[in-house]
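Reader: I have a two-chain model open and would like to go through it with you. Can we start with the overall picture and then go into detail?

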Amino acid sequence: MNIRGAFIEETFAEAFTMRVARIIITARNERWAREAALKLTGFATSVIGCKVEAGIERQLPDGETPDGRPGLSVLMMTMGKDDLPKRLIERIGQTVLTCPTTACFDGLPAAPDRLGVGSALRFFGDGFQASKVIGGERFWRIPVMEGEFVVQERFGMVKGVGGGNFLILARTADAALQAAEAAVDAMAGYPGVILPFPGGVVRSGSKVGSRRIKSMIASTNDAYCPTLRAITATALPDTVNSVLEIVINGIDAEAIAGAMRLGIGAACREGVVSISAGNYGGKLGPHHFHLRKIMDGAA
Amino acid sequence: MSGLEVKLRGALEAVADCSALLAGAWTGLTAADLARRPVSIAGRGPVALGELAGVSGEPDGTVRFVGDWRQAARLGAGLTGGRVAIEGDAGDEIGLAMAGGSIEVRGNAGERAGAAAPEARRGMTGGELVVHGSVGREAGALMRRGLLVAGGTVGDHAAAGMIAGTLVAFGAVGPAPGLWSKRGSVVALGELPVPSTYRYACTYQPVHLRLLLSRLQARYALPVEGRHLSGFYRRYSGDLAELGKGEILAWTA
């Protein structure tokens, strides 16, 4: 399969089941909602080293937010269901609560699994906090120097998918970067997905374990490092001099597949040799995203 | 036709205590079951609802009261669930000590809406009591939880001894609101005399009121305006003769 000269390899991305919460952050204006969201999702690229994977899902029009103010939705994901409430409490408490004018709401109201978040953060109010039940949901009002921070008591948690991915194999580093940027732009705001890495792009794809250090759970994916082509079992065609990866996490497999289709389609451009994907032979992750099946009809 | 409808055959000749009509589990009752529930008429004693009104429809958790229910006292007292609509005015003590569900009155309501029974320590403990018109004195007295809304004016001594919960008034509020309250909120979108036992705290834009008022607009079509959502409110803490964790939020501009 070829799309605008880029070869789509017969392979698949292998992804894992994760636990997801959707957080709605609102503020007086979009600037402050975004400031809070950027802090909330900072240092949250991979559970390999960050405990949580997070990203901004999309900007919300005023009419879509619970309080009618400008807002953003964020997805936060962990491997274990016990980890997610801890990450929500510590991160919302340190980033959203502290940010001027913000409020914080659950974005998965239909999820049966509910996590106590506002119910924990309320203690910052030192006994001066108050709550209101509105439409059957409790909201905490925590007095702060600026006024009041409003946070929903419980947040929904659902099973999601983490680790959807594709690799852009390009003739030059510039071509790889331009293709990756085009892919990210095409996927921006796609409902139900986040791209947790910087600018949505990963330059340091990893393999499981290490050749030398037993305790390392991940190390550089030498098969895709162009500088190692001559001394390792390379996976790179001769014409490839740079590889970038796009990692996609989502609420469900359908959302990831939809975003991948858009992203791969946009990445297939001048200077791109092929599109591949990272997997572990299909034995570790239950979710497999076959590139050619996803791109069926796009060639 | 969905839901139950209770249509008075004629005006009630005297005050009728309707506290037994919707107390306990009622949402699964058929029209015939509901028609058998008692109403106690002053000077006459208990009679079956069916003697006073036609009851029809299929149960779906809702009931509409049609006709002149101004003499009906304690309608929806102790309500725990379901949706109740009164298409006109309602009498005294509507939603007395209700604990859940919703009551929506299209017209006005009498005294002590959502309040506590005289012998009780708590008024409403949950649910939503929305009166599109005005309510009489002592509305929400001893409220413990829940939401009481008046689209019109509110009589004197509203939210007296409020323990928690929220009272929203779109119109003017009478003298002495929130006296002896421990916690809870009195939200005034119109005129309100602040009792001397409340102290001014600040003027700000409470985000939670945007949630609350948006819901009232969406669910009950109450006349919430943009100025209510994005406006400033003066916050008064009180009753300082009590716990002092209550508040009056008075819209300013």
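Author: Of the 253 residues in chain B, 52% are buried. Keep in mind that this is a predicted model.

Reader: OK. How many helices and strands are there in chain B?

Author: Chain B has four helices and 16 strands.

Reader: And how does the radius of gyration of chain B sit against the globule rule?

Author: The radius of gyration is 18 Å, close to the 18 Å that the globule rule gives for 253 residues, so chain B is as compact as a globular protein of that length. Its C-alpha trace spans about 55 × 35 × 25 Å along the principal axes.

Reader: What share of the contacts in chain B join residues at least 24 apart?

Author: 43%, counted among contacts between residues at least 6 apart in sequence.

Reader: Back to the strands. What is the order in the sheet of 12 strands in chain B?

Author: The order is β5-β1-β6-β8-β9-β10-β11-β12-β13-β16-β15-β14. The sheet is open and its pairing is mixed.

Reader: Which are the edge strands?

Author: β5 (53-58) and β14 (199-204) of chain B, each of which pairs on one side only. On average, neighbouring strands of this sheet are turned by 15° against each other, direction ignored.

Reader: Take one pair, β11 and β12 of chain B. Parallel or antiparallel?

Author: Parallel: β11 (residues 145-150) and β12 (residues 166-169) of chain B pair in that sense over four bridges. In this part of the sheet, A150(B) stands opposite A169(B) in β12(B).

Reader: Different topic. What does the domain assignment of chain B give?

Author: Domain 1 covers 1-60 and domain 2 covers 74-251. Taken over C-alpha atoms, the centres of domain 1 and domain 2 of chain B are separated by 27 Å.

Reader: Now chain A. How many of its residues are in contact with chain B?

Author: 13 residues of chain A are in contact with 12 residues of chain B.

Reader: Which strands of chain A each supply at least two residues of that side?

Author: β8 (130-134), β9 (137-144) and β10 (147-152) of chain A.

Reader: And by class?

Author: The side of chain A that touches chain B has six nonpolar, three polar and four charged residues.

Conventions:
Residues are numbered from 1 along each chain as its sequence is written. Chains are lettered from A and ligands numbered from 1 in the order in which they are written. This is a predicted model: local features need pLDDT of at least 70, side-chain atom pairs count only at pLDDT 80 or more; totals for chains, interfaces and linings use all residues. Two strands pair if DSSP finds at least two bridges between them. Axes are lines fitted to C-alpha atoms, for helices over the stretch in contact, and angles run from 0 to 180 degrees between N-to-C directions. Two residues are in contact if their C-beta atoms, placed from the backbone, lie within 7 Å. Ala, Val, Leu, Ile, Met, Phe, Trp, Tyr, Cys and Pro count as nonpolar, Asp, Glu, Lys and Arg as charged, and the others, Gly among them, as polar. Domain bounds come from an automatic or database domain assignment. The radius of gyration is taken over C-alpha atoms; the globule rule is 2.2 Å times the number of residues to the power 0.38. A residue is buried if 20 or more other C-beta atoms lie within 10 Å of its own, exposed if 12 or fewer, and partly exposed in between; C-beta atoms are placed from the backbone.
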